[in-house]
Amino acid sequence: MKKGKKYFILILAGVIFTGLYYYITLPAINIHSSGFWTTLMAIILFITFAGVFGQLRRQGRLNVVQNKTTIQLLKEIRFFKVGIALFLLVLLIYVAGNILSSPIVNAGKYQKLLNVVESDFTEDIQQVSYHTIPLLDKDSATLLGNRKMGSMVDMVSQFEVADDYTQINYQDMPVRVTPLVYASTIKWLTNHKAGIPAYIKIDMATQNTECVKLKETIKYSKSELFNHNIYRHLRFHYPMDIFDDQIFFEISDEGTPYWVCPVRKFNIGLFGGHTVGSVVLCNAITGECTKYAVEDVPTWIDKVYSAELLTELYNYYGIYKHGFFNSILGQKDCLMATNGYNYIALDDDVWVYTGVTSVSGDQSNVGFVLMNQRTMETKYYKIEGAIEDSAMSSAEGQVQNLGYKATFPLLLNISDEPTYFMALKDGAGLVKKYAMVNVHKYQWVAIGDTVKDCEKEYMALLVKNGISESQDDNGLYEQITGKITALAPVTIEGNTHYYVALDASDVLFDVDVTDNKLVDIIRCQTGDTVSFTYSPEEGGMNLVTELALQGK
């Protein structure tokens, strides 16, 4: 065989190998990508040994079997020596790049990756309506999603529910959304041309679960096998971008499904200090991609920075205040995030909440942080109290006879008191009760079958301990003033109530006259002006807790 033809075959084999390796592993063509360097080393080794094999074959020496003779033979082949030298050089650059990018030599730079601003809890965290409190965690949402899918007889045999369950703020309500996926490779073969017909949307406050069927189906997803696989689709459009480990399924304000794909930015050396520099927004139906600088991302997008990345960045900030070796030896002023997080919706953005504790592993928080998942804005609140695990144990202790387990808590503002709120679930993962635990005094625990019952018990605790003057001073109630347009007495379980309609509202108000504070409703007539403090109800019949007569 002519020498030129031999080299052509060798190059062709290298190209085929490289193409297959690239199609399967999808490395970014970027010196900041570890995959780029491992791919380069794999190609060098393949070409080296393919060349050596060809030379040995030409020399008729493939039958050498003794290791010593083989090694001696390889040392005599110049192509082998050049290839191994090149491999070792690339390996050296890769190892050196990792070391020079690490916190060992760049602790100060890692510590400055996140800008943390100290803020005021009562100003930033407003008292909320329990209609906007997410009552479910991801595990509970998964149960609801699977249950809903089981009822969709036209799709359940072909599709399953993906495990994404991205929490977003959709039309001012906390919801989790997740797409369907093909149930198996066979189901992909029979359905991929038609696409994925729906996604699951779960209201985290009301627990309402909806299977949203699409007019145009999802053609680009994680469950696709070839070019419509979302990772491969992104790589072919953006071969040099290094995408974050997590891409997020979200829906626009119109309900259109999208993939939000953060692109990593490396701030320290070759491989260190990654944040997010830009975002690729991919329409899950059409595959159309648009790239935004991180500061220009549309405001309806809620997740650019993953909770894990934000927590990691905060740990860099808290641990490396006095350098790398202090973080291991003296550990002076070293703080870190606690071992969990949750989400809070503020100003149409989703923020990650986590407590801040000492690295020594004590059972108290020195404060907590809120980190914006769209902008990376981070606020620190200096509030000492129980660590979340302690609050969860305290709540579980109140129902230890039932064996319920607490979810990781949310942080609420109840009467300007930082308060942990959590669900209590049975062994099957179903929410059975709710608990509120005071952050400062984690022995103050309120349990209720509903959020309202729990909140009433908690407010009674605050009144009992002199924290609040009134059980209605909590922000979970609302106020209204208006003229009475209609009222009628009714009997409910032997007690007299008045149903009242006001000109300022489209819903009715339930006034229980067995409550001495509300008995003045008996003297009211149509046309009188009254002020109600009430608890909003899902069914439209709002329960009044305080009444003030304003006259005609």
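Residues are numbered from 1 along each chain as its sequence is written, and side-chain values use heavy atoms, with hydrogens and water left out. In this predicted model, local features need pLDDT of at least 70 and side-chain atom pairs count only at pLDDT 80 or more, while totals for chains, interfaces and linings use all residues.

**Stop 1**

Select residues 257–268 and 272–283, which are strand 8 and strand 9. Helices (H or I, at least four residues) and strands (E, at least two) are DSSP runs, numbered from the N terminus. The two strands pair in the antiparallel sense over 10 bridges; two strands pair if DSSP finds at least two bridges between them. Y258 stands opposite N283 in strand 9.

**Stop 1: two nonpolar cores**

Select M155, L180, I202, W259 and V280, which touch the most other members of the largest nonpolar core, a set of 40 residues. Such a core is a set of buried Ala, Val, Leu, Ile, Met, Phe, Trp, Tyr and Cys residues joined through side-chain atoms within 4.5 Å. Buried means under 20% relative accessible area, exposed over 50%, and partly exposed in between (1.4 Å probe, protein chains only). Strand 5 (residues 196–203) gives the most to this core, with 5 residues. Apart from it lies another core, of 37 residues, including Y258, L310, Y316 and Y380.

**Stop 2: T354**

Go to T354 in strand 13 (residues 349–358). T354 is buried, with a relative accessible area of 0%. Its side chain reaches the backbone oxygen of G340 at 2.8 Å. This is a polar contact: a pair of N or O atoms within 3.5 Å, where within protein one must be able to donate a hydrogen and the other to accept it, and residues adjacent in sequence count only if both atoms are side-chain atoms.

**Stop 3: helix 13**

Select residues 451–464, the 14 residues of helix 13. From first C-alpha to last, helix 13 reaches 20 Å, close to the 20 Å expected at 1.5 Å a residue (the expected span is 1.5 Å times one less than the number of residues). At its start, a side-chain oxygen of T450 reaches to within 3.1 Å of the backbone nitrogen of D453. Among the buried residues of helix 13 are C454, Y458 and L461. Just after the helix, G466 takes a positive phi of about 75 degrees.

**Stop 4: the loop between strands 18 and 19**

Most residues other than glycine have a negative phi. Select S415, in the loop between strand 18 and strand 19. S415 has a positive phi of about 55 degrees although it is not a glycine, and S415 is buried at 11% relative accessible area. D416 is in the loop between strand 18 and strand 19, with a positive phi of about 60 degrees. D416 is partly exposed, with a relative accessible area of 44%.
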